[in-house]
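Okay everyone, thanks for making time.

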Amino acid sequence: MNLRAFLGLALATLIAVVAVVILLVTGNSGPAARAPGTTLLPTLAKSTDSAAKIVWTHAGETTDIVKDGDTWTVAELAGYPAFPAQVNEAILGPSRFQTFEPKTQRPELYDKLDLNDPTSADAKSSRLQILDGAGKTLADVIVGRVKNATAGQESLYARLPSEPRAWLVRGKVDLPTARLGWVDAQVLTIDLPRIRDAWLNKPAKGGRVHVFKTKADDRDYAIDGMPANYETKDVFGSEDVARVIQQLSFEDVRPAAKQPVATTGQPYAEFATFDGLKVDLWLADADGKTWAAIKASPQAGNADEAIAKEAAAINARNAAWVYSLPSYELGNLRKTLDDLIQPKPKS
């Protein structure tokens, strides 16, 4: 055998060996074969700026996050603005996935890596489909369990729906555990030490409920109209009424134009701060839920520019929306005087 023939045979043998190794490692062949150290989602890695829609499937629920001009919105939450940081995380995180170690390609073992079918109600996996403005798929990946840092780098399990092989990939992506995680559901943040008065104007029974502090450093909220022979039932009962607007969040949201809540006349609840801000809530029942509208304003006679700006910012965020509030907040808003006080024990 001459040298040229020998070298040709050696090269052919080397190519065959490499092909076998790839086949054994990945379980794939042909153009779809991939090896450790490659970008899992190369199209997305090159086109993150083109992303215009995210379809997220988790625990049997699918959510569409859609780009509308410069704003991302959540279709299933009536087009409410998505949280920009979460959108960026969902796009940029997977774009950096690098294959590290091939794992199972047996569907019955996906569950061990939290890579089972995300359309199942008890699934812990998440499927991310990222599309451009023309509807072209930039990425389609199922994300599973996070693994401890590998060689100093964060890693997790992932697989492509189009391929049986699961992978341990280098990289990270923090995804919500529920649909509300795609939005900033906190609509009011008023620090409790600022809150001076809270009025519940329309309790289920009895008269108007008013809790208050005379000075900001008072330890507890007093209860207006409590008879001398009565005491508070719960030391935190009145504080819970005032606390409603400290970190007020929602469980569902609708455009105010489609779910009107009347905001004329006396509000359902009113809150006033020591520094001159007033916040009003109106409630209305519809479709088995209680919806709240929010308005803010400077208190009468207050000309503080910072307070005026704060009220304007609250209204700019909330004027177009009404919110379904958590049951515990509705419970605090519906408290009556009888819920807060009780007769003192007889001596």
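Let me start with a question: is Y323 buried or exposed? It's buried, with a relative accessible area of 0%. Keep in mind, by the way, that this is a predicted model.

So who does Y323 sit with? Y80, Y323, W321 and F250 make up one aromatic cluster. In the whole model, the count of aromatic pairs comes to five. Take Y80 and W321: their planes are at 70 degrees and the ring centres are 4.9 Å apart, so we call that pair edge-to-face. Y80 belongs to strand 4, residues 80–81, while W321 belongs to strand 20, residues 321–324, so this contact ties together parts that are 241 residues apart in sequence. Both of those residues, Y80 and W321, are buried.

Y80 has another partner here, Y323, and that aromatic pair is edge-to-face too, with 6.4 Å from centre to centre and 80 degrees between the planes. Again it's strand 4 with strand 20, Y80 and Y323 being 243 residues apart. And Y80 has a relative accessible area of 4%, which is under the 20% cut-off, so it counts as buried.

Side chains of opposite charge can pair when their charged atoms come close. How many salt bridges do we get here? The count is 21, and I've picked a few.

One of them joins R179 and E61, at 3.7 Å from N to O. R179 is in the loop between strand 9 and strand 10, and E61 is in strand 2, so the bridge ties together parts 118 residues apart in sequence. R179 is buried, at 17% relative accessible area, whereas E61 is partly exposed, at 32%.

Next up is E270 with R208, where the closest N and O atoms are 3.2 Å apart. E270 sits in strand 17 and R208 in the loop between strand 11 and strand 12, so here the two parts tied together are 62 residues apart. E270 is buried at 10%, while R208 is partly exposed at 46%.

My last pair is D285 and R334, with 3.9 Å from N to O. D285 is exposed, at 61%, and R334 is partly exposed, at 35%.

One more thing before I stop: R208 and E270 also belong to a network with K278 and D280, joined by salt bridges that share partners.

How values were computed
Residues numbered from 1 in each chain as written. Heavy atoms only, no water. Phe/Tyr/Trp six-rings, centres within 6.5 Å; stacked < 30°, edge-to-face > 60°. Helix = DSSP H or I, 4+ residues; strand = E, 2+ residues; numbered from the N terminus. Buried < 20%, exposed > 50% of the residue type's maximum accessible area, 1.4 Å probe, protein only. Salt bridge = Lys/Arg side-chain N within 4 Å of Asp/Glu carboxyl O.
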